[in-house]
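What holds this fold together, and which residues are worth a look? The report below goes through the core, strands, cross-link, loops and rings in turn.

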Amino acid sequence: VQLQASGGGLVQAGGSLRLSCAASARTFRSYNMGWFRQAPGKEREFVAAMSWSGGVTYYADSVKDRFTISRDNAKNTGYLQMNSLKPEDTAVYLCAAAIRTYYTANNYAQGAYYDYWGHGTQVTVSS
């Protein structure tokens, strides 16, 4: 499965963006998905995750109540709606998909849990 993230850009603090993650195969609809981000000079960090059915979601504390993960399995596409953006949200955002459909502990937040990764899209939030 190939993943392509898009929708990034430059936005002022307080603004919104919606990222998309388009998958190349219908099998995406049976995979758990996640969003991560990596800022310059920092390690990649977990942002949000969603089960294959959309019934289970997880968020990093730093984005809870501001970001919303969703998916449209009919379109093989995942989304990340980002509201009330802050300068500290500036990063390359990557989407990922996992063949495993179960969650244990916080494996959804670990990069190793995911089997497929997109190239990422840049989000820059100006103050």
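Buried means under 20% relative accessible area, exposed over 50%, and partly exposed in between, with a 1.4 Å probe and protein chains only. The model is predicted: local features need pLDDT of at least 70, side-chain atom pairs count only at pLDDT 80 or more, and totals for chains, interfaces and linings use all residues. Residues are numbered from 1 along each chain as its sequence is written, and side-chain values use heavy atoms, leaving out hydrogens and water.

**Core**

A nonpolar core is a set of buried Ala, Val, Leu, Ile, Met, Phe, Trp, Tyr and Cys residues joined through side-chain atoms within 4.5 Å. The largest one here has 37 residues. Trp35, Val47, Phe67, Leu80, Met82, Tyr93 and Tyr114 have the most contacts inside it. Strands β1 (3–6), β3 (17–23), β4 (32–38), β5 (45–50), β7 (67–72), β8 (77–82), β9 (91–98) and β11 (121–126) each supply at least two residues of this core. The most come from β9, which gives six residues. Strands here are DSSP runs (E, at least two residues; helices are H or I, at least four), numbered from the N terminus.

Contact means heavy atoms within 4.5 Å. Not counting residues up to four places away in sequence, Leu80 touches Leu17, Arg18, Leu19, Trp35, Val47, Ala48, Phe67, Thr68, Ile69 and Tyr93.

**Strand β4 and its partners**

Strand β4 is mostly covered, with six of its seven residues buried. Two strands pair if DSSP finds at least two bridges between them. β4 and β9 run antiparallel, joined by seven bridges. In that pairing, Val92 of β9 stands opposite Gln38. β4 also pairs with β5, in the antiparallel sense, over five bridges. There, Phe36 has Phe46 as its bridge partner in β5. The hairpin of β4 and β5 has six residues between the strands. In this hairpin, Gly41 takes a positive phi near 75°.

**The disulfide**

A disulfide is a pair of cysteine sulfur atoms within 2.5 Å. A search of the whole structure finds one. It joins Cys21 to Cys95, with S to S at 2.1 Å. The angle about the S-S bond is 70°, and the link is right-handed. Cys21 lies in β3 and Cys95 in β9, so the pair ties together parts that are 74 residues apart in sequence. Cys21 is buried at a relative accessible area of 0%. Cys95 is buried too, also at 0%.

**Loop residues**

Most residues other than glycine have a negative phi. Asn76 lies in the loop between β7 and β8 and is buried, with a relative accessible area of 12%. Ala105 has a positive phi near 50°. Ala105 is found in the loop between β9 and β10 (116–117). At 74% relative accessibility, Ala105 counts as exposed.

Arg66 lies in the loop between β6 (57–59) and β7. Arg66 is buried, with a relative accessible area of 11%. Its side chain reaches the backbone oxygen of Ser84 at 2.9 Å. Leaving aside neighbours within four places in sequence, Arg66 is in contact with Gln81, Met82, Asn83, Ser84, Leu85, Lys86 and Asp89.

**Aromatic pairs**

Rings of Phe, Tyr and Trp (its six-membered ring) pair if their centres lie within 6.5 Å; planes under 30 degrees apart count as stacked, over 60 as edge-to-face and the rest as tilted. The structure holds 11 such pairs. Two of them are tabulated here.

| Pair | Centre to centre | Angle between planes | Class |
|---|---|---|---|
| Tyr58 and Tyr103 | 5.2 Å | 90° | edge-to-face |
| Tyr103 and Tyr108 | 5.8 Å | 90° | edge-to-face |

Tyr58 lies in β6 and Tyr103 in the loop between β9 and β10, so their pair ties together parts that are 45 residues apart in sequence. Tyr58 is partly exposed, with a relative accessible area of 25%. Tyr103 is buried, at 19%. Tyr108 is buried as well. Ring pairs link Phe36, Phe46, Tyr58, Tyr103, Tyr108, Tyr113, Tyr114 and Trp117 into a cluster.

Note on methods:
Polar contact = N/O pair within 3.5 Å; in protein donor to acceptor, adjacent residues only side chain to side chain.
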